[in-house]
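Notebook open, model loaded. I wanted to look up the overall build first or the contacts of one residue first, and I went for the contacts.

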Amino acid sequence: NCIFMACTAYYLLDAEKVRGKKILYLLADCLVVSVAFLLVYVMRGYEFSKILICKQFFPTTFEYNWFVGCYILLYALSPLLNILIKKLSQKQLFLLDMLGVIFYSVLQMLLSNSYYYTRLMGFVLIYFLMAYCKLYLPKTITVKKYNRIMLVVSSILLVAMIGVSNILGLYTDTFREKNLYYCVFVNPFIILIAFSAFFLCKEWNRHSNLINKCASVTLYIYIIHENYLFATYTRPEYFAYIYERFTYRNVALWAAALALGCYVAGLLLGLLYTATARKWVYRICDKVSIVLENAFERVYSLFQRLE
């Protein structure tokens, strides 16, 4: 999540306007995947409440795909955020970033949901941190040596923090569930890992059609992997089956196998969707976009007359 946000922020900082069609495309992709999963589970004999079935038709609204919802909001706000960033001095932006790191990164990692934190707030924090790096550290972020050091050190510190917490959790309840707080995308060490990894990859000038093809469907991999029905029903059933047949002795390997399987399945299904149904879905979105734009212009004209 954090790496994707680092990439997104870097390129959105140059954006001056929002494409309404892109937002509709994202919403439509989430809807298609959600409804497709619903149909598959119903055909397999699962029974759901009417409320749950209705929610499957509004996956973004009900936060079944919270990351996509936050991304859409950030994308819609990006031109306004860029105006604000340009009006801030270097010192003001640095101060804003430091306050954000303290209140919504460090304290969020330690306390969870502190100072009215929301996921969108975390997205905005990463956006402003990337803004400072891009505007005022353009040469530094291209130095591979610095990025490699930051990547290695932050990775070691993250693993050490989790390891120490696990050990202390054996003796005190205070640290027993701390690792749940650490696994947030605004964890300062995770942010450092994401930024350094992005800056290193950005300087990699090799071109690969295979990588570009896989990257083009990463959204679908995420939507499929994080589908509500899959996470609520199939994933627990998978681990229950593993426990009954093999116990949890090698649970880490089984978890890795599930992650790999989800990635491959998501990749293949994403490629299939882009090659078949997506063009029809996007055509419908284009027509809806025209209708919404015309409606907006009419409402705006009406309010102009009231002046």
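This is a predicted model: local features need pLDDT of at least 70, side-chain atom pairs count only at pLDDT 80 or more; totals for chains, interfaces and linings use all residues.

**Entry: Leu-26**

I started with Leu-26, which sits in helix α2, residues 20-43. Setting aside neighbours within four places in sequence, I found Leu-26 in contact with Val-68, Tyr-71, Ile-72 and Leu-219. Is Leu-26 buried or exposed? Leu-26 has a relative accessible area of 10%, so I put it down as buried.

**Entry: the chain as a whole**

I stepped back and counted secondary structure: 14 helices and 0 strands. I boxed the C-alpha atoms along the principal axes and got roughly 70 × 60 × 45 Å. How much of the chain is buried? I got 37% of the 307 residues.

For contacts between residues at least 6 apart in sequence, I noted that 78% join residues at least 24 apart. The accessible surface came out at about 19,300 Å², and carbon and sulfur atoms hold 67% of that. On charge, I counted 30 positive and 16 negative side chains, with the centres of the two sets 7 Å apart.

The largest nonpolar core has 60 residues, and the members touching the most others are Phe-123, Tyr-127, Met-130, Phe-185 and Phe-195. Which helix gives the largest share of this core? That is helix α6, residues 119-136, with 11 residues.

Leaving out neighbours within four places in sequence, I have Tyr-127 in contact with Ala-9, Leu-12, Leu-13, Leu-74, Ser-78, Leu-81, Asn-82 and Ile-85. Apart from this core I logged another, of 12 residues, including Tyr-25, Val-217, Tyr-282 and Cys-285.

**Entry: cysteines**

How many disulfides does the structure hold? I found 0. Cys-54 is in no disulfide, and the nearest cysteine sulfur, that of Cys-30, is 18 Å away. Cys-54 has a relative accessible area of 47%, so I listed it as partly exposed. Cys-70 is in no disulfide either; its nearest cysteine sulfur is again that of Cys-30, at 12 Å. With 10% relative accessibility, Cys-70 goes down as buried.

**Entry: positive phi**

Last, I checked two residues other than glycine with positive phi. Glu-63 has phi near 60°, and I placed it in the loop between α3 (50-56) and α4 (66-87). The relative accessible area of Glu-63 is 54%, so I marked it exposed. Thr-247 has phi near 65° and lies in the loop between α12 (228-246) and α13 (251-275). I have Thr-247 as partly exposed, at 39% relative accessibility.

Technical notes
Residues are numbered from 1 along each chain as its sequence is written. Side-chain values use heavy atoms; hydrogens and water are left out. A nonpolar core is a set of buried Ala, Val, Leu, Ile, Met, Phe, Trp, Tyr and Cys residues joined through side-chain atoms within 4.5 Å. Buried means under 20% relative accessible area, exposed over 50%, partly exposed in between (1.4 Å probe, protein chains only). Helices (H or I, at least four residues) and strands (E, at least two) are DSSP runs, numbered from the N terminus. Contact means heavy atoms within 4.5 Å. A disulfide is a pair of cysteine sulfur atoms within 2.5 Å. Accessible areas come from the Shrake-Rupley method with a 1.4 Å probe; for residues, only the protein chains shown count as cover. Lys and Arg count as positive and Asp and Glu as negative; His and the chain ends are not counted. The place of a charge is taken as NZ of Lys, CZ of Arg, CG of Asp or CD of Glu.
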